[in-house]
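Hi everyone, thanks for coming. Today I'd like to walk you through one structure, starting with its pockets and then moving on to a few strands. Have a look at it first.

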Amino acid sequence: MGPQIFRSIPKRYHYLNMFVRCKTTSSQYVASRARDPTFEKLMDRYKNLLKVVAVQDLILANPRNQSVSLEFLLRLSQKLHLNRGAASFLRKYPHIFHIFYDPNKTQPFCKLTDTAIHIVCEEADAINASLPQVVGRLVRLLSMSNSKMLPLRAIYKVWREFGLPDNFEDCVISKNSHIFQLCDAHEPNTHFLKLVDDIPRNHFQAAVDEWRVTQCCKDGCTIDETEIKYSFKHSYPPGMRLRKTFKAKVKDWQRCPYTGPYEGTLDSNKYGNTAIALEKRAVSIIHEFMTLTVEKMVEVEKISHFRKWFGIELNIRDLFLDHPGIFYLSTKGKRHTVFLREAYERGCLIDPNPVYTVRRKLLDFVDMGRRGLPPSNLRQKVDQIHNEDGDFPLDNK
């Protein structure tokens, strides 16, 4: 009976996470979360895409000769998490990578296929077309900082998530000098991005506030405005059982007033310096941060770079685990990735944007693997790769 009870403990953690967290280790707390099969399947796909994008970036890093040697990729296999080696990884995606032999350098190289190059150009065009929105995202991001200033290195961490162009320092920051300013920091080779425009904090409306207005304006809406005034949209993983104590705690938390993401530091005179008010303010900042991303998902480690500047004193990862109705945390692909639950339905964004749409095209080609090529072309490509790697060609059986 003892082992049976022990095995049942992890299943109950997500009911009591607000009460027994101090008695569990960090890894136990992560492992005890309620799983959502839809997000887990999506992250299964994304973990392969992230490896493909990493290799793709290395190929595109040299504008004169957009190729990279297999020997170079082999040295980076561990860092790129190419568990079976570079050549084996590249063979899995003939729609994206093409391996060829360079007789001048007497070694095999890899470049992008025409299909992959077309997707890269499509994404660049979509980003350039959305530059006004990019400027708006940066302004909002800086406005959430108490000092209206952020380290440039932190923004570089999330440039892809925010749909920034590769050269955003030139085409976004320099071209909008009336809005942004780069300042030197006390540390060497460190810069801050500062908001020059003195935009009043009440100029912006958070995404969650827009959702509340929409809910109240629906035809036949019977929601009491006082009930939804400080609420966030919640939806839980399928099969997650919610106990009465948990539901009551969430209900009280929803009613608690808080300082919004664009209102500066916590107003203790208005809301009190309570633990719930601090936590709810942190949730509102992270929620707004994620609504500004292109795909409404981001690695937890990347968000942590902004914690100090947003005035968040809580553990970011625990914040996601404490609120499974708002966020979903996945540990697939040797990284912790968080999704904004309300933005997704059946593994797709409810409100897609052009950059997201192009990136899903690349994801579809990653999912295809070797499928979708004519049998003769596929055999020819595989034979070519084997010959170039010094292996024997496939038999014609």
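So, which helices and which strand each supply at least two residues of the lining of the largest pocket? Before I answer, please keep in mind that this is a predicted model. Okay, here's the list: helix 4 (37–60), helix 7 (114–129), helix 9 (152–157), helix 19 (354–368) and strand 7. Out of these, helix 4 gives the most, with eleven residues.

Let's stay with that pocket for a moment. Its volume is about 960 Å³. There are 37 residues in the lining, and the closest to the centre are Leu50, Val53, Glu299, Lys302 and Arg335. If you sort the lining by class, you get 17 nonpolar, six polar and 14 charged residues.

Now for the second largest pocket, which comes in at about 680 Å³. Here we count 24 lining residues, and Ala207, Glu210, Thr291, Lys296 and Asp351 are the ones nearest the centre. Helix 11 has the largest share, with four residues. By class, the lining of this second largest pocket splits into ten nonpolar, six polar and eight charged.

And why does the second largest pocket lie between domain 2 and domain 3? Well, domain 2 covers 130–201 and domain 3 covers 205–349, and we say the pocket lies between them because both give residues to its lining.

How many cavities of 30 Å³ or more does the structure hold? The count is four.

Find strand 9, residues 337–340. It has two pairing partners to talk about. With strand 7 (residues 297–299), strand 9 pairs in the antiparallel sense over three bridges, and Met297 stands opposite Phe339 there. With strand 8 (residues 327–330), strand 9 is again antiparallel, this time over four bridges. If you want to trace that pairing on screen, Phe327 stands opposite Leu340, and Ser330 has Thr337 as its bridge partner.

Strands 8 and 9 also form a hairpin, with six residues between them. Look for Gly333 in the turn, which has a positive phi of about 70 degrees.

Last thing: which way do the side chains point? In a regular strand, side chains alternate between the two faces of the sheet. You can follow that on strand 8, where Phe327 and Leu329 point one way and Tyr328 and Ser330 the other way. So are those four residues of strand 8 buried or exposed? They are all buried. Strand 9 is covered on both faces too: Thr337 and Phe339 are buried on one side, and Val338 and Leu340 are buried on the other.

Notes:
Residues are numbered from 1 along each chain as its sequence is written. This is a predicted model: local features need pLDDT of at least 70, side-chain atom pairs count only at pLDDT 80 or more; totals for chains, interfaces and linings use all residues. Side-chain values use heavy atoms; hydrogens and water are left out. Buried means under 20% relative accessible area, exposed over 50%, partly exposed in between (1.4 Å probe, protein chains only). Two strands pair if DSSP finds at least two bridges between them. On a 1 Å grid over the protein atoms alone, a cavity is a set of points where a 1.4 Å probe fits but cannot get out, and a pocket is an open set with protein on both sides within 12 Å along at least five of seven lines; lining residues have an atom within 4 Å of a point. Grid points are joined across faces, edges and corners, and a volume is the space filled by probe spheres set on the points. Ala, Val, Leu, Ile, Met, Phe, Trp, Tyr, Cys and Pro count as nonpolar, Asp, Glu, Lys and Arg as charged, and the others, Gly among them, as polar. Domain bounds come from an automatic or database domain assignment.
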